[in-house]
Amino acid sequence: MGSTAHTSDTRLARRIVLGIESSCDETAVALVRGDGTIIAQAIASQVAEHAPYGGVVPEIAARAHAERLAPMLEKVMAEAGLGLADVDAIAATAGPGLIGGVMVGLVSAKALAMAAGKPLLAVNHLEGHALSPRLADGALAFPYLLLLVSGGHCQILSVEGVGQYRRLATTIDDALGEAFDKTAKILGLSYPGGPAVERLALEGDTKAVPLPRPLKGSSEPHFSFAGLKSAVLRAVESGAHAPADIAASFQQAAVECLIDRLKLALESAGPFPALVVAGGVAANKSVRGALEALAATHGMRFTAPPLALCTDNAAMIAWAGLERLTLEGDGYTGDPLDFVARPRWPLDPAAEAVRGAGYKA
Ligand code: KG4
Ligand code: ZN
């Protein structure tokens, strides 16, 4: 505990890991150094391919990863002026996520690791998100309280060290980003819905539409957003409210749920020196503002990685690999080449399964 992220050991600081991410709808490759430098990276979003369907289609995603990954790897290595011999390990997301896409990235990493004789690091995508704040903020030490809010995940984690995560809460139905996306769809806004809902909410009244705050005040620690989404649907169908008011009221309800659940987590597992947010929903200014205020009232430092590191990316996967190399020390040979991709892979195996949580668990 307590060790800050960016090492002062010059030998470790010079280590380089190649990272690959392909678990959802972003194909990404990055080269990251132990001192926290992102040497080169590339990311290709598949938003255009999935937009007609209003969500990610697994088969389309897997094919798009397969088409893009190899040229992207070549481009990133060339841009950095590095060859595989210069890399200390190859890290790839090995789950949780859409299994076709995960397999594309993991199999590519295995081939590179085998060809170059370098360790393979099979990284848990959630661990990438959980540690990415340490890539962005070299002074961030363990432990910290992490709110991970994206399209696929909605969790509160106590991050106690590399490989040491305690899940304090997860969603029993939808992830928050998913609720934003579904709300956007109901309101007839474009995909992905989060930014569109946030923009529309700026013109609306947060108190205009009475919407539920699922599980607010409950002693059960988890999140639930399905009821909120259904209430949005009813509000739209009633025809009684302006879309901007619905967007603003939805966002307000969601933020209140986040804060309420975080307060409970702080009561049960706190205090924490720092509060950290990661995942695509961290882009939302109302969410950030409320988290900042919560941190201030609890005497916690608040930090959020820059947006490019909040959403899915490969730098966070490479960084998680670097953290593991540092933890394991010299002679570490990484994961076996027969490591099997995992559609589900909870960060905290001791956490109880939660009904309806799907791969978000
Ligand atoms: O982390 P991310 O890129 O991918 C996943 O792992 O899911 O998160 C994407 C999610 C989407 O659901 C998107 O609607 C949401 O993050 N999002 C936002 C905002 N920007 C992205 N939600 C609310 N407000 C935003 N400004
Ligand atoms: Zn993610």
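**Figure 1. Ligand 1 sits in the largest pocket of this predicted model.** On a 1 Å grid over the protein atoms alone, a pocket is an open set of points with protein on both sides within 12 Å along at least five of seven lines. A molecule sits in a pocket if more than half of its atoms lie within 2 Å of its grid points. The model is predicted, with local features requiring pLDDT of at least 70 and side-chain atom pairs pLDDT 80 or more, while totals for chains, interfaces and linings use all residues; side-chain values use heavy atoms, without hydrogens and water. Residues are numbered from 1 along each chain as its sequence is written, chains are lettered from A, and ligands are numbered from 1 in the order in which they are written.

**Figure 2. The shell around ligand 1 draws on helices α6 and α7.** Two or more shell residues come from each of the elements α6 (176-186) and α7 (193-201), and α7 gives the largest share, four residues. Helices (H or I, at least four residues) and strands (E, at least two) are DSSP runs numbered from the N terminus. There are 19 residues around ligand 1, of which G151, D181, G194, E198 and G280 come nearest; a residue counts as near if one of its heavy atoms lies within 4 Å. By type, the shell holds five nonpolar, 11 polar and three charged residues. Asp, Glu, Lys and Arg count as charged, Ala, Val, Leu, Ile, Met, Phe, Trp, Tyr, Cys and Pro as nonpolar, and the others, Gly among them, as polar.

Figure 3. Taken alone, ligand 1 exposes 560 Å², and the protein buries 89% of that; areas come from the Shrake-Rupley method with a 1.4 Å probe.

**Figure 4. Strands β2 and β3 form a hairpin.** Antiparallel strands β2 (residues 26-33) and β3 (residues 38-45) are joined by seven bridges; strands pair if DSSP finds at least two bridges between them. T27 stands opposite A44 in β3. Four residues separate the strands, and G36 in the turn has a positive phi of about 90°.

**Figure 5. Strands β7 and β8 form a hairpin with two residues between them.** Five bridges connect β7 (residues 154-161) with β8 (residues 164-169), and the strands run antiparallel. R167 in β8 is the bridge partner of L157. In the turn, G163 has a positive phi of about 80°.

Technical notes. 1 Å grid on protein atoms, 1.4 Å probe; cavity = no way out; pocket = protein on both sides within 12 Å on 5 of 7 lines; lining within 4 Å.
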